[in-house]
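Subject: Structure handover

Dear colleague,

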Amino acid sequence: MMERGDHKVAALISSSSRGGDDRHVVSDMLDAIETVGSYVGYRKTQRNECLNLVRRLKLLVPLLEEIREADKLVSSEALDCLLNLKKALLIAKKLLKTCSSGSKIYLALESEAVMGRFHALYDKLNQVLDDMPYHEFGISVEVKEQVELMCMQLKRAKMRTDTQDIELAMDIMVVFSKEDDRNADSAILERLGNKLELHTIADLRAETIAVGKLVKDKAQNAETSRQIIDLLEKLKQIAGIHESIELDPTLSAKHLKRCPSLVIPHEFLCPITLEIMVDPVIVATGQSYERESIQKWLDSKHRTCPKTGQILDHLSLAPNFALRNLISQWCEKNDFTLPKKETFVGSDGSFSQLIEEISNLIRKLSSCELDVQRQAIVKIRMLSKESPYNRILIANNGGIPPLIQLLSHQDIKIQEHTVTALLNLSIDEANKRLIAREGAIPAIIDILHNGTDEGRENSAAALFSLSILDENKVLVGALNGIPPLVELLRKGTARGKKDAATALFNLSLNQTNKSKAIKAGVIPSLFHLLEDESLDMIDEALSILLLLASHPEGKNEIGTLYFIKKVVEIIKIGTPKNKECATSVLLALGSNNSRLLSAAVQWGVYEHLKEISRCGTNRARRKANAILQHMSKCKHNHGNQITQTT
């Protein structure tokens with residue numbers, strides 16, 4: 001017989017104000033777990049975190065099934081617990097959906113903030129599961145142990161050492177902080193595109209839609225949205241998609257009208273350029289493209305459909321009059337003016353003639369007349385800068401071997417133009433391998449030693465671009481390319497120092513190259529960059545030092561009291577990004593060295609770390625908290641060895 005109190009509980013359970021009875025709540029949670037299990041395509045920057053979270057959430061299924069099968073009345077407190085767990089699962093579902101279908105650029109740019117959302121979710125899940133009245137639900141010992149295992153995994157995940165992709169972080173930093181907009185940045189952008197998986201037409205089309213939703217929903221502030229759109233535009237240009245996306249600072253509805261690629265119906269956009277089609281044509285597979293774009297594709301000796309990858313049975317292009325009429329009607333209804341198309345041609349008028357022009361220029365590279373050679377290499381340098389199609393055409397027409405021969409030319413200006421042309425050509429990944437295989441690296445290193453200022457700068461940039469491939473990292477190190485880069489870092493122009501730093505960072509991702517860079521004297525040069533604030537290279541220097549600190553020789557040389565004092569100074573007065581980098585280096589050096597931590601405390605770092613732990617960037621907060629924990633452990637284990645200064 002039901003007691004009076006049970007009637008009250010039953011009424012509470014059936015009340016609509018509580019969101020339905022416990023069985024419905026449990027069913028909703030099981031549905032949420034099933035849904036997240038169906039998500040695919042997690043963004044590379046959060047992929048491991050997402051897969052681990054999904055795996056852990058599935059451990060809750062036996063718990064929820066036992067609660068549902070028990071079919072017993074529960075207290076209002078128990079129902080509250082279930083509702084709180086449901087809220088946590090809905091947060092997880094939303095987060096995982098963002099990481100599955102959201103903007104890849106946003107998730108990389110805001111990776112620290114996104115990781116913070118994962119950690120907050122772990123806290124919420126742990127709290128809810130700790131409060132769960134397992135006895136009231138009649139949960140078996142085996143299932144309870146499984147839930148406890150999940151909680152332990154969540155706690156370990158939250159305490160896990162930072163696994164941020166430092167190469168990706170460095171590339172993003174360089175793209176948004178570099179003052180000069182040169183071709184070396186194209187190599188960085190190419191690597192970003194590959195790392196973010198934004199290098200195919202389909203990838204960029206999906207990203208455009210995701211960014212459009214992000215901006216339309218005003219999910220970010222104007223500055224972040226501007227950065228995301230700027231980077232997307234650059235990645236499109238690297239892929240040969242030439243369109244401009246403007247961003248009104250107010251992110252108003254007017255802005256969305258001025259960003260047609262973000263709001264035009266998808267079927268009206270050319271799959272190659274992602275721009276609205278003016279003259280749509282149909283290829284053999286039935287796909288529609290802008291005539292100019294698909295013609296460029298075919299003229300570049302491609303014989304596949306860009307969207308489907310299928311081999312084309314024929315190369316005929318049929319006008320798509322029906323689609324053109326639909327586009328015209330949409331434009332008239334929305335007061336939209338179709339853009340005027342610029343034809344991509346050679347200097348003499350047509351794309352097909354451009355191929356002949358490039359062939360002629362390549363032949364002139366072997367001319368006996370100095371002026372003819374010089375004019376040809378200058379023109380090839382310009383063409384290789386303009387377009388990815390040109391880079392493919394120059395390579396396919398045999399342009400790389402004669403260019404490599406000119407690297408050793410007695411005329412230093414020809415050397416300078418040649419190394420710059422090869423830098424431009426190296427943006428294409430296939431060209432990277434070809435340039436290295438044809439033996440260009442020793443000659444590029446020689447120009448790095450003896451060339452003009454611009455030749456040395458672009459030689460460093462070329463080595464950076466080539467060493468994006470791991471096999472070329474090894475090759476540059478083996479061919480003794482690191483010492484001249486260190487020399488350029490020490491004595492080069494401001495731009496040369498930046499190029500040398502970028503190349504050295506990239507090469508130092510290889511463990512053997514770390515030792516070579518240390519032996520070449522890179523650490524004193526990096527210390528000098530920290531002292532010379534006019535160069536604005538503190539972040540670059542600290543990022544390289546952080547890499548070198550993982551090498552025993554580097555850790556010994558970097559871990560001096562002089563350097564720790566400088567790091568503390570940066571933590572005190574640097575920019576938020578400076579502080580983040582400096583805090584990361586201090587953690588790397590001090591995690592197993594109480595003497596260095598004690599010195600940092602004596603120089604007044606403690607209160608500043610506390611401030612960073614409250615107000616710094618997400619990554620800086622985690623690093624600062626980790627250092628503070630080390631300080632606390634050292635103080636506990638060694639008495640007053642580490643003391644707080646006042």
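This is a predicted model: local features need pLDDT of at least 70, side-chain atom pairs count only at pLDDT 80 or more; totals for chains, interfaces and linings use all residues.

Overall picture

The protein is built from 37 helices and 3 strands. Of its 646 residues, 53% are buried. The exposed surface comes to about 29,300 Å², and carbon and sulfur atoms supply 50% of that area. Taking contacts between residues at least 6 apart in sequence, 70% join residues that are at least 24 apart.

Helix α30 covers residues 522-531. It is mostly covered, with 7 of its 10 residues buried. These are Val 522, Ile 523, Ser 525, Leu 526, Phe 527, Leu 529 and Leu 530. What do they pack against? The buried residues of α30 meet α27 (482-491), α28 (494-507), α29 (511-519), α31 (538-548), α32 (552-558) and α33.

There are 4 aromatic pairs in the structure. In one of them, the ring centres of Phe 527 and Phe 563 are 4.9 Å apart and the planes lie at 15°; planes under 30 degrees apart count as stacked, so this pair is stacked. Phe 527 belongs to α30 and Phe 563 to helix α33 (residues 561-573), so the pair ties together parts that are 36 residues apart in sequence. Both Phe 527 and Phe 563 are buried. Tyr 562 also comes into the picture, as ring pairs link Phe 527, Tyr 562 and Phe 563 into a cluster.

Helices α33 and α34

Phe 563 also takes part in the packing of α33 against α34. Helix α34 spans residues 576-590, and its axis is 8 Å from that of α33, at an angle of about 145°. The crossing of these two helices is left-handed. On the α33 side, the residues that meet α34 are Phe 563, Ile 564, Val 567, Ile 570, Ile 571, Lys 572 and Ile 573. Their partners in α34 are Asn 578, Lys 579, Ala 582, Thr 583, Val 585, Leu 586 and Leu 589.

Helix α36

In helix α36 (residues 605-615), the residues Val 605, Leu 609, Ile 612 and Ser 613 are buried. Viewed down the helix axis, the buried residues of α36 fall within an arc of 100°, so they line one face. The face turned away from that buried side carries Arg 614 and Cys 615, which are exposed.

Two single residues

Asn 431 is in helix α23, which runs over residues 429-437. Is Asn 431 buried or exposed? Its relative accessible area is 4%; the cut-off for buried is under 20%, so Asn 431 counts as buried. Apart from neighbours within four places in sequence, Asn 431 is in contact with Arg 391, Ala 395, Ile 400, Leu 425 and Ser 426.

Arg 55 is in helix α3 (residues 47-58). With a relative accessible area of 46%, Arg 55 falls between the cut-offs of 20% and 50%, and is therefore partly exposed. Arg 55 and Met 150 are 95 residues apart in sequence, while their C-alpha atoms are 9.5 Å apart in space.

Regards

Terms used
Residues are numbered from 1 along each chain as its sequence is written. Side-chain values use heavy atoms; hydrogens and water are left out. Rings of Phe, Tyr and Trp (its six-membered ring) pair if their centres lie within 6.5 Å; planes under 30 degrees apart count as stacked, over 60 as edge-to-face and the rest as tilted. Helices (H or I, at least four residues) and strands (E, at least two) are DSSP runs, numbered from the N terminus. Buried means under 20% relative accessible area, exposed over 50%, partly exposed in between (1.4 Å probe, protein chains only). Contact means heavy atoms within 4.5 Å. Accessible areas come from the Shrake-Rupley method with a 1.4 Å probe; for residues, only the protein chains shown count as cover. The arc is that of the directions from the helix axis to the C-beta atoms. Axes are lines fitted to C-alpha atoms, for helices over the stretch in contact, and angles run from 0 to 180 degrees between N-to-C directions. A crossing is left-handed if the near helix is turned anticlockwise from the far one by less than a right angle, and right-handed if clockwise.
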